[in-house]
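User: I would like to go through some side-chain contacts of this protein step by step, please. Could we begin as soon as the structure is shown?

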Amino acid sequence: MLFFNRKAIGLDIDDRSIEVVELTKLGTRAKVVNFSRQALPRGVVTNGLITNPGQLKHWLNQAFNQAKPNPITAKRIAFSLPETQCYNLVTTIAAAPQEIDEAAIRQLVVKNLPLDLEELLFSYRIIQAGSKETAVFLAAANKAAVNGWRDFFADEQLTVDFIDAEIFAIARDLVYLDPRQPVCLVDIGSVRTNIAILQAAAIYYDNSLAAGGHWFTKSIAQSFNLKLVTAERKKLQLGLNSQIWPVLAKQLKVIASEIKAAVNYYQEHYGGAVKEVVLLGGASRLRGLVDFLQEDLGLPLSLGKTKSLAEKLPLEYYGAIGLAWRALNKKKFKIEPDFLALATDGQVFTPAAVQSPLVNQPIATRATKPVKQVMATKLTAEQPVTVAGDEDLNTGESDAGERRLKNQKKILLAILLLGLLLLPVAFWYRQSARDKQAAVINRYAGGTFSQVQGLVFKLPVSLTDTVLQPGAIKGRIIESTLAAGQPYEQALTNALNEAKQELVKGEVLWPEPLNEIVKQTTLTAPLTVRWLAYSSSAAIKAGLARIDELNQEKIDYAFSSSEVLAVEKTDNANQLILKIKINISSGKQLQASGDENLVKEEVNAGVTDGNLATSSLTEATGSPASTAVPAGKQAIIKNTETGWLNIREGPGAAFGIIKKVNPGEIYEFLAEEGEWIKIKLPDGQAGWAAARYIQLK
């Protein structure tokens, strides 16, 4: 079936999340069919082992059923064993390749790996061959972990193609990953940072640290006495500024130190130089982190990027993408370990059927150095090709150069004249484009379609430019004062109301100050706070214009509503980023994606409210504090445009969806935070919903 459909599903599960991606193969590239990410509560998976199968089943079903744009229904998956249950080793054996037997490999395992022999599944592959010494790559996994995951999936009627090592899955489809050269991968996840050095499908260094995005947020919250939700927003908004850096410096320096140790280890033991560091994982997007690490390490450093996908997905999905990509290209990646095959065959050991591409570079060619320093032998750069008769080209070289120079001057002059002629045309085109944007909302308002989808865009906001760049919107800063002699919350509310008085027609205010974090325990008033004011309709127009650019099929659609999710600072003091979600409906799903992952929702009923809607500013942030409610108070779900209501992990549209509830259902009311209400679900979970869709009783 896979041969005809050319589809595959990659499933990546760790202690705190599930990512699933369904890919289809398009020639040498791939396209995302469906995808989903689901946060896992603490205690469902612990250290890569299943500790609560019932809860894991629930969240796995959620991930498959809530995939976008459609639920994932296929039952065949590719899975990766969490990093904490895998062991990788590159070492040498004092024997020629033909002399290596199972006993020699078992001796390596006993000597180098932490578990007993009978607790492991392992295989090896020859990396470099010599007459007296052989370099091998040893891949091993915890047998109990492999069997536990295999049995769990069997109970769920899921067929597993293979069980991969997580580090291979993550690294498999990176643009910058040249298999001939060593590269250091740094995967900064929510709770752990994994550091590995790979070359030629072998792992030369592998270590894991208890540091990640969750710990960053927790440190900020503790340092400034903030809620985790607020600390997360401030982390994304401010990045490593003068306030955040001192709080996170210790953790980040530990990560940098471990990267240095990995690079030095590789160079000392294998004689090669790591040329590049690639960052992965959601927490690696922390603004300023790339600059800090690059300066500290002195190596080229970049964020990972897939080469097989036509569209973008967040870094968190790279493991699942790599798994699905291997399932679509099984022959290409057959030299990489498959722990399911070992477990299914009832073996703990298997020699590799295919050797490394570097195995034909014998150790004997560099016998003057120790074997460990030869395993990373660099491939020789290609020599320039000399064409017979090149010496004849020197005749008349000077005259030819003068002619080329004259021709170049003529071309430049022609380009300059053409540019002057095109200036009026460009002005007219730009003005007509603006007029077209202004008409977009009215043109698409009032329509009714059955398909609803939301696209997220990051729009530049200029605070100084009078002539805006295409796609940018105009904003300005309004200042107000936190007065002395008032509680912080009251002073902040008064300052917000004061700023609202200065708005002009058509402007709205982002309801969170742009200031750095205020320590409420040491607040010194009066304090000046800064707010962003901008045109809501201009933001919507810019977002709709982006959709028109992406709408290659020219599908008719109707504008439904918009939500401003966040305001982020940039390195330019005169520019901000407005993160906005534009919700539209159409008769057919637009095959387009925004600056973030595309969110699509299929509905049975049409959109009932086609009027122009302004941005829902408070949904993304809420107020600074939640309000407790009397016990026994009920929350009744009101009618919605889609026929259901999303329940989210936190009080904001940026948080993940944990459940969909239906109009008329009644739940226990727990708390209220700004424009969001917290309710208790039947399974005991607590979730957040937009207050405008809830009636309290």
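User: Over the ring of which residue does the charged end of Lys25 sit?

Analyst: This is a predicted model, in which local features need pLDDT of at least 70 and side-chain atom pairs pLDDT 80 or more, while totals for chains, interfaces and linings use all residues. Residues are numbered from 1 along each chain as its sequence is written, and side-chain values use heavy atoms, leaving out hydrogens and water. A charge sits over a ring if NZ of Lys or CZ of Arg is within 6 Å of the ring centre and within 35 degrees of the ring normal. For Lys25, the charged end lies 6.0 Å from the centre of the ring of Trp325.

User: How far is the charged end of Arg326 from the centre of the ring of Phe162?

Analyst: Here the charged end belongs to Arg326, and it sits over the ring of Phe162. The distance to the ring centre is 4.5 Å.

User: What kind of pair do the rings of Phe35 and Tyr317 form?

Analyst: Both Phe35 and Tyr317 are buried (under 20% relative accessible area, where exposed is over 50% and partly exposed in between, with a 1.4 Å probe and protein chains only). Because their ring centres are 5.6 Å apart and their planes stand at 85°, the pair is edge-to-face.

Definitions and conventions: Phe/Tyr/Trp six-rings, centres within 6.5 Å; stacked < 30°, edge-to-face > 60°.
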